Amino acid sequence: MKILYSPASPYSAKVRLAAQYCGFDAQSVSVVVNTGDSPELLVSNNPLGKIPTLLTVDGKAIFDSRAIMQFLNRESGGKLYPEDPAARTDAEVLEALSDGITDCLIAQIYEKRFHPPEKIHQPWIDMQWTKVARGLDHLQAHPPSLESGLNGGHLSLFAMAGYLALRFAGQWEERWPWINTFVGEFTKAYPELATLAPQ
Ligand SMILES: N[C@@H](CCC(=O)N[C@@H](CS)C(=O)NCC(=O)O)C(=O)O
């Protein structure tokens, strides 16, 4: 198995965390790719040219990150999502919200990265940040707990928090202190996994 990824990618961090938690050696199965170069290995396996993309031992390509999470969950006999239907729905919704916040963060980065300065549309960036803020407020009001065990939603949340720290330092720490509390608890409980945060 291979996971095509880049170190800063939050969705890649999520699936690498999941792979490690499911018993794979995430570092040794991971292969760095630069999406900007559209490398053959990536685009021949994923026409969207996006990461993460997982290649199975049979050479099958799996994307996007949520399909990879479901694959890893099946491969590991259900390590990533609770069996209880209500708890599973909660885990999947936490993953959707955390991934969705990540989508809004990435949209802001790409707006600046892929436009010349005079074409950057600040209202678009502001709209994305409003969604981020609503999402983080919602999580602050309903703080996720690791007490009943780790699941895919927590891994998405941890990856999103790592991306906030990497690309948005200084913009969230005071208003949403629960994020650092969650990251601290996660790191204490799972120190080996924590090393896989976006870099
Ligand atoms: N919904 C996708 C999003 C994947 C995604 O947008 N990945 C980014 C890197 S963090 C990417 O590949 N960007 C390059 C591109 O869009 O061409 C997932 O969950 O895997």
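Guide: Pockets are found on a 1 Å grid over the protein atoms alone: a cavity is a set of points where a 1.4 Å probe fits but cannot get out, and a pocket is an open set with protein on both sides within 12 Å along at least five of seven lines; lining residues have an atom within 4 Å of a point. A molecule sits in a cavity or pocket if more than half of its atoms lie within 2 Å of its grid points. This is a predicted model, where local features need pLDDT of at least 70, side-chain atom pairs count only at pLDDT 80 or more, and totals for chains, interfaces and linings use all residues. Residues are numbered from 1 along each chain as its sequence is written, and side-chain values use heavy atoms, with hydrogens and water left out.

Visitor: Where does the ligand sit, then?
Guide: In the largest pocket.

Visitor: Which elements give two or more residues to the shell around the ligand?
Guide: Those are α1 (10-21) and α5 (85-113). Helices (H or I, at least four residues) and strands (E, at least two) are DSSP runs, numbered from the N terminus.

Visitor: Which residues are around the ligand?
Guide: S9, P10, Y11, T35, K50, I51, P52, D64, S65, I106 and Y110; a residue is near a molecule if one of its heavy atoms lies within 4 Å of it.

Visitor: What polar side-chain atom lies 2.6 Å from an oxygen atom of the ligand?
Guide: One of S65. D64 has a polar side-chain atom 3.1 Å from a ligand nitrogen, and a backbone N or O atom of I51 is 2.8 Å from a nitrogen of the ligand. The protein buries 79% of the 510 Å² that the ligand exposes when taken alone, with areas from the Shrake-Rupley method and a 1.4 Å probe.

Visitor: What kind of peptide bond joins I51 and P52?
Guide: A cis one, with omega about 5°. P52 is in the loop between α3 (40-43) and β3 (53-55). F63 and D64 are also joined by a cis peptide bond, with omega about 0°, and D64 lies in the loop between β4 (61-62) and α4 (65-75).

Visitor: Why point those out?
Guide: Because most peptide bonds are trans, and most residues other than glycine have a negative phi.

Visitor: What is phi of S38 near?
Guide: Near 40°, a positive value in a residue other than glycine. S38 is in the loop between β2 (30-32) and α3.

Definitions and conventions. Polar contact = N/O pair within 3.5 Å; in protein donor to acceptor, adjacent residues only side chain to side chain.
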